[in-house]
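Here is a short walk through one structure. Keep the sequence and the 3D view side by side while reading.

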Amino acid sequence: MKVRHSIRILSLLMLSAAILIVLLCSACSERPERPLRIGTNSWPGYEPLYLARDRGFLDDQVVHMVEYPSSSEVIRAIRNSAIDGASLTLDEVLMLAADGLAPRIVLVMDISHGGDAILGQPGIANLASLAGKRVGVESNALGAYVLSRALELIDLTTADIHISSLEVNEHETAFINKQVDAVVTFEPVRSRLLNSGAVSLFDSSQIPGEIVDVLVVREDVAEQRQRSIRHLLESWFRALAFLQADPNAAADSFAVRLKITSPQVLDALQGLHFPSLAENRQLIGGQPAELVQTGKRLMDVMRSHHLLPKDVDTETLFDAGPLNTLQ
């Protein structure tokens, strides 16, 4: 009898343990996913993401914004898997792809038509005057690309100037202290330096369609976090609608983070085009996708200037799936 009683108790204990394991596993499976981590640096074209967050369009428990002082640090973070996705320029995405990181572009955020520029000290009349001068530039693909394209237009090369490697958070101080004769920079530093007397020698309006900012995620994230990505895209387009409906209120919000005035924000936004949902679908998911050809042209220029170590299959870079689920 004692043996039977012991067996019965043991059976009940085993059954209780099994039930507990099932309950624990169920709890684990129902645990919310950690927020999608998206990295950015300071640039007016990325500000609608923060407008979406501040206006409550973007749920911080679903998507968490991570701010970095420069695009170089954003790139390092995505390389090291410290973030799940990032706002980057198309040339930077090509660099990641060439390094084997398999990035996936899910959104075209903006196209620069003047927001990226080369600024000179007062007295420097034009680009040709930079021969033999010190030019500050961020040590990433975009800065090198803008500089190379600008010099190409006047038959100069980087061998004709003295390059000073500067992170974007160093541009303003180096320029004001005259440590460089010119700087390759972008908003909001561009507006602040122009306001202090800098001379615009070149800007992205002279190479239309070549400087494109995109939202990119790692390949595994694109496959596994579709709902979070969709929420991010929905929030982005809600922010763009708010920007269009009330640009002054949006500019006031942008100005705080960009550290320029609201009128300067509105001026900076004139140098940007934010593609609509319909435009995005054509750029990323069209037959053919328009940005595939842009990427190929960009790749050819980068290869000719030794800014890209090898060719990239641009057709594999785009994932229009999340965009196609939006209404």
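A residue counts as buried when its relative accessible area is under 20%. Bear in mind that this is a predicted model.

Start with helix H2, residues 47–54. Of its 8 residues, 6 are buried, so H2 is largely enclosed by the rest of the structure. The buried ones are Glu-47, Pro-48, Leu-49, Tyr-50, Leu-51 and Ala-52. Their packing partners include four strands: S1, S2 (63–67), S3 (85–89) and S4 (103–112). Helices H9 (226–245) and H10 (247–258) also pack against them. Tyr-50 has a charged neighbour: Arg-257 lies over the face of its ring, 3.5 Å from the ring centre. Just after H2, Gly-56 adopts a positive phi of about 85 degrees.

Now step back to the loop between S1 (36–40) and H2, where Trp-43 lies. Its ring centre is 5.8 Å from that of Phe-186, and the two planes stand at 80 degrees. Planes over 60 degrees apart count as edge-to-face, so this pair is edge-to-face. Phe-186 belongs to strand S8 (182–186), so the pair ties together parts that are 143 residues apart in sequence. Both Trp-43 and Phe-186 are buried.

Finally, follow H10 to helix H11 (262–269). Their axes come within 8 Å and cross at roughly 105 degrees. The two helices are therefore roughly perpendicular. H10 contributes Pro-247, Asn-248, Ala-251, Asp-252, Phe-254, Ala-255 and Leu-258 to the contact. H11 supplies Ser-262, Val-265, Leu-266 and Leu-269. By type, the contact residues divide into 8 nonpolar, 2 polar and 1 charged.

Notes: Residues numbered from 1 in each chain as written. Predicted model: local features only at pLDDT ≥ 70, side-chain atom pairs only at ≥ 80, totals over all residues. Heavy atoms only, no water. Phe/Tyr/Trp six-rings, centres within 6.5 Å; stacked < 30°, edge-to-face > 60°. Buried < 20%, exposed > 50% of the residue type's maximum accessible area, 1.4 Å probe, protein only. Lys NZ or Arg CZ within 6 Å of the ring centre and 35° of its normal. Contact = heavy atoms within 4.5 Å. Axes fitted to C-alpha atoms, helices over the stretch in contact; angles between N-to-C directions. Parallel < 35°, antiparallel > 145°, perpendicular 65-115°, else oblique. Nonpolar A, V, L, I, M, F, W, Y, C, P; charged D, E, K, R; others polar.
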